[in-house]
Every structure is written in C-alpha cells, then in structure tokens.
Amino acid sequence: MLHNTRKSTWRRMALLVVAAVLVMSVLAACGSKKEEGNGTAFSGTSEGATVATYKGDGKVTEAEFNKYLAVFNFLQPGYESVTALPQFQEQLLQQYIAYKILAAQASEETVKQAATDTDKQFADFEAALEQQAELKTQLEAKKITNSDVKTYMKLMLVVVDHMKSKVTDEELKKEFETNIAKYSTVTLRHILVATSETDPETKETKELRTKAEALKIAKEVKAKLDEGGDWAALAKVYSDDPGSKESGGQYANAKPGDWVENFKNAAMTQKIGVIGDPVETEYGYHVILVEKRDELTYDKLDDTTKEAVESAVAYSHMSTFMSEDMKNQEVKITLPEQSPAPGAEQSPAASDDAKATDDAAASQEPAASASPSASVEPSASPAAK
C-alpha cells in the first residue's frame with residue numbers, strides 16, 4: 001500500500017551516509033584543513049590514534065570516527081547492529097573521508113547556505129529533545145552532545161549543497177524528461193486479481209490461482225465495470241490489494257515512479273477515463289482506470305518538484321565522483337581489529353539489517369531536506385518494488 005516514509009528532518013540526515021555508503025570514492029582533490037574552519041569537524045577529536053589517512057595529509061583519528069559513528073547511530077538506531085560489523089565500519093569510514101574531502105572543497109557561499117539549513121534543522125532537533133525525554137537519555141548514553149549532532153548535520157548539508165552547486169540547467173531538464181514518471185502525479189483506480197499472496201508475519205508465499213485463472217477473472221471484472229459496475233463494490237469483492245480495496249481501488253495523487261514497471265507504464269500512458277485491458281505484473285493482473293494525470297512540463301515545475309529533480313542530479317554527481325575518483329585519494333585504513341559479537345556473522349537479523357541498509361541506500365538521494373519521496377510498503381500492492 002502507498003504510505004509516506006517521511007521522518008523528522010534531523011533524523012533523515014543520517015541516511016545521507018547510508019545512501020552513498022556502497023559507492024566508495026570522491027573527487028580527486030582535497031583540503032584537509034579547511035573543514036576545521038567551516039564547522040564540519042568534531043571538536044576535541046584531533047588527537048589520539050589514527051585510523052585512516054588520505055591524500056594531502058588528511059587523517060581521521062579513532063576518537064573522531066567513534067564520534068561520527070555515535071551520532072549516526074543516535075540519529076538512525078535501526079542501523080546500529082549493522083554499523084557494528086567490521087566490514088560496514090570500513091565502508092562508513094571511507095564514506096566519512098569522502099564527506100570530509102567534499103566539505104573541504106565547498107565554497108564560502110555554499111558553507112553559508114549549509115549553515116542556514118543546519119540552523120533550521122537543528123532547531124527541529126532541539127524542539128524534539130524538549131518534547132521527548134528519551135532522546136536526551138539516548139544522547140547521554142552515546143556520550144555525544146547537541147554540538148556533535150549539529151556538526152554532523154552541517155557536514156551532511158555542506159556536502160549536499162556542494163553537490164547541488166555543480167548541477168546545470170541542462171542536467172535538470174534531461175533528468176526530468178528521462179524520468180518524468182518520478183515527478184508526475186496520477187489518480188487512478190485498479191482491481192488486482194493476484195496469483196499469489198505473502199503472509200505478512202511468516203513471509204511465506206502461497207499460490208492463489210494460476211495466471212490463466214487470474215486473467216480470466218480480471219477480464220470478467222473489466223466487463224462488469226464496462227457495463228457500469230460500481231468500483232467500490234467490485235473492489236471489495238475481487239481486489240487482492242489490501243492498500244486500495246476498501247477505497248474503491250483508488251490511489252489518489254500518487255507518484256507512478258514508485259510503482260513496478262508495467263503498472264507505472266499503464267498509469268503514464270493509458271487513456272484517461274477509459275478502463276484498460278488487464279495489465280500483468282509480478283503480482284497478477286490489474287484492471288486500471290486512470291482518472292487524472294498531471295501534464296508536467298519542465299518550464300512549469302513547482303519548487304518542490306524542481307528540488308526533487310535537482311536532488312536526483314546531485315546524487316548522480318555524487319555517485320559518479322565516488323565510483324570514479326576514490327582511487328586517487330590514497331586512502332589507507334588501519335581500523336583496530338574487532339571481535340564480532342557472538343553469532344553476528346550468522347545472525348539472520350544482521351543479514352536483514354544489511355539488506356535494509358542496501359534498500360535504503362538504493363532509495364536515498366541527497367537533498368537540502370534529505371527528504372525521500374513517498375514509497376510503497378511491500379505487499380500485494382502494484383507499487384511494491
């Protein structure tokens with residue numbers, strides 16, 4: 001079913017790290033001292049054992065990296081079991097080095113903009129601290145301060161704004177035209193005749209009917225609708241989509257880019273007001289009626305959509321930099337060896353967390369607000385990916 005995954009802005013900051021943690025390199029330039037003057041360096045962490053070095057006399061101390069991990073885990077506690085894994089810590093350390101380098105490259109104008117963005121998000125964080133006593137307890141347990149959280153936020157936002165500063169108008173237009181379904185809004189109704197269903201608790205999948213049987217039923221449903229049948233009544237009887245069957249099969253003002261390919265294509269191409277032939281997806285067959293579809297053009301995009309397009313291009317730049325240039329940074333990592341927690345390597349939970357992290361990485365895009373788009377809960381929904 002469709003749902004909104006928006007979190008508090010200050011919590012979403014941590015996911016910028018997850019978003020890029022699997023692509024491991026950055027621009028081939030640095031300036032390791034500049035970060036100390038732009039508010040992106042954790043205070044009191046410059047001394048002690050070194051766990052990484054990189055080009056241009058850059059280094060990361062153990063105290064500094066531990067502070068970074070502590071803030072990350074505070075903001076995103078769901079990833080704590082993953083960040084405890086040695087191999088993932090090394091990836092996070094590489095990522096932290098990337099952010100340090102990129103932050104050092106940022107212009108004064110970019111740093112000023114990031115400072116303004118940080119102040120806004122930090123105000124939200126402080127308000128949350130006042131309202132939620134458990135947050136203060138968690139902060140103290142991690143041995144981090146409000147100032148550490150603000151430094152982390154600013155580091156993320158300096159990098160985000162730096163990457164956005166590289167985006168050109170030509171790139172924005174190309175991104176929009178190539179991925180218009182990501183930015184469009186559609187209202188439609190559908191009835192899903194599923195071929196299988198998955199138990200939400202056991203995750204076991206069982207067959208409901210064959211493809212041929214599902215197609216036959218879908219055609220019967222379409223015939224009933226063509227004859228004037230009521231969507232609400234028919235959806236309750238026939239639809240296997242729990243996210244829409246009680247609302248007449250409707251998804252209102254939804255983003256087609258969140259949906260599986262064939263369903264998305266139908267939403268974007270099917271004639272408005274006409275019930276289409278059954279559309280097959282991995283879930284079964286869908287009878288679809290597109291009720292409304294916005295007619296977007298690049299020159300008439302609203303500010304929110306423009307920001308989403310800009311974020312996508314900025315993320316593409318970041319991915320390119322990370323995949324192509326890290327080898328030029330002469331990174332050497334000397335993290336102390338850790339004894340994994342008992343059963344950590346074999347733990348199903350650890351594997352699930354790692355997969356969740358990969359899924360988060362695939363879905364995140366840097367943005368000034370770090371705001372992910374609405375996504376879809378795994379189910380029999382056409383939108384489930």
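The model is predicted: local features need pLDDT of at least 70, side-chain atom pairs count only at pLDDT 80 or more, and totals for chains, interfaces and linings use all residues. Residues are numbered from 1 along each chain as its sequence is written, and side-chain values use heavy atoms, with hydrogens and water left out.

**Stop 1: the sheet**

Select strands E3, E2 and E10. They form an open sheet of 3 strands in the order E3-E2-E10, with antiparallel pairing. Strands (E, at least two residues) and helices (H or I, at least four) are DSSP runs, numbered from the N terminus. Two strands pair if DSSP finds at least two bridges between them. The edges are E3 (58-61) and E10 (332-333), each pairing on one side only.

Now zoom in on E2 (residues 50-54). It is joined to E3 by 4 bridges, and the two run antiparallel. Pick threonine 50: its bridge partner in E3 is threonine 61.

**Stop 2: helices on the sheet**

Contact means heavy atoms within 4.5 Å. Angles run from 0 to 180 degrees between N-to-C directions; axes are lines fitted to C-alpha atoms, for helices over the stretch in contact.

**Stop 3: H11 and H12**

Select residues 211-226 (H11) and 231-238 (H12). These helices pack at an angle of about 165°, with axes 11 Å apart. That makes H11 roughly antiparallel to H12 (an angle over 145 degrees).

Show the side chains. H11 contributes Ile217, Val221, Lys224 and Leu225; H12 contributes Trp231, Leu234 and Tyr238.

**Stop 4: threonine 151**

Go to helix H8 (residues 146-164), where threonine 151 is found. Is threonine 151 buried or exposed? It counts as buried, at 9% relative accessibility. Buried means under 20% relative accessible area, exposed over 50%, partly exposed in between (1.4 Å probe, protein chains only). Leaving out residues up to four places away in sequence, threonine 151 touches Gly39, Thr40, Ala41 and Phe42.

**Stop 5: glutamine 138**

Finish in helix H7 (residues 133-141), at glutamine 138. Glutamine 138 is partly exposed, with a relative accessible area of 34%.

Key: Angles under 35 degrees count as roughly parallel, over 145 as roughly antiparallel, 65 to 115 as roughly perpendicular and the rest as oblique.
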